[in-house]
Amino acid sequence: KFSALFWVLCTRIGDAVGCDSEDIAFILKKRTGHYKEVRTKHGIEEIPLSISFARMDELAFREFFSRCIHVIETEFGIVRPDVLAAVSDILESAA
């Protein structure tokens, strides 16, 4: 359900700002620090990390999701209540 919530969030925010969900996911993972750095001969590459349940427990996901909301507020100007409203149907079904 974590992954579904994240991708619904990315899709709906992407629709709101005219951007692909994959691009939103990349931005959220990068701005929240959810990536690893790989050094190559051309420099450092930032590789987004997985948010699968195998990689992240519920507490870690909640913290990550909260940071995502903060990024959406600061980067796209969409306030927290509106972000949560955009995924309220998924949040309610998860409860």
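What do the buried residues of α2 pack against? In this predicted model, their partners are the helices α1 (2-17) and α3 (58-76), along with the strands β1 (35-40) and β2 (43-48). The residues in question are Ser21, Ile24, Ala25, Leu28 and Lys29, all buried within a helix that runs over residues 21-31. They sit on the same side of α2, because the arc they cover around the axis is only 130°. Just past the end of this helix comes Gly33, whose phi is positive, at about 80°.

What Lys29 does have is a backbone oxygen, that of Leu49, lying 2.9 Å from a polar atom of its side chain. Leaving aside residues up to four places away in sequence, Lys29 touches Phe6, His34, Tyr35, Pro48, Leu49, Ser50, Ile51 and Phe64.

Elsewhere, charged side chains do pair up: the structure holds four salt bridges. One of them joins Asp89 to Arg12, with the closest N and O atoms 2.6 Å apart. This pair ties together distant parts of the chain, since Asp89 is in helix α5 (residues 88-94) and Arg12 is in helix α1, 77 residues apart. Both ends are partly exposed, Asp89 with a relative accessible area of 37% and Arg12 at 32%.

Arg31 is partly exposed, at 46% relative accessible area, and so is Glu75, at 40%.

Arg62 and Glu58 meet at 2.6 Å, N to O, and both lie in α3, four residues apart, or about one turn of the helix. Arg62 counts as exposed, with a relative accessible area of 55%, while Glu58 is partly exposed at 40%.

As for disulfides, how many does the structure hold? The count is zero. For Cys10, the closest cysteine sulfur is in Cys68, and at 6.9 Å it is too far for a bond. Cys10 is buried, at 0% relative accessibility. Cys19 is partly exposed, with a relative accessible area of 26%.

Methods:
Residues are numbered from 1 along each chain as its sequence is written. This is a predicted model: local features need pLDDT of at least 70, side-chain atom pairs count only at pLDDT 80 or more; totals for chains, interfaces and linings use all residues. Side-chain values use heavy atoms; hydrogens and water are left out. Buried means under 20% relative accessible area, exposed over 50%, partly exposed in between (1.4 Å probe, protein chains only). Helices (H or I, at least four residues) and strands (E, at least two) are DSSP runs, numbered from the N terminus. The arc is that of the directions from the helix axis to the C-beta atoms. Contact means heavy atoms within 4.5 Å. A disulfide is a pair of cysteine sulfur atoms within 2.5 Å. A polar contact is a pair of N or O atoms within 3.5 Å; within protein, one must be able to donate a hydrogen and the other to accept it, and residues adjacent in sequence count only if both atoms are side-chain atoms.
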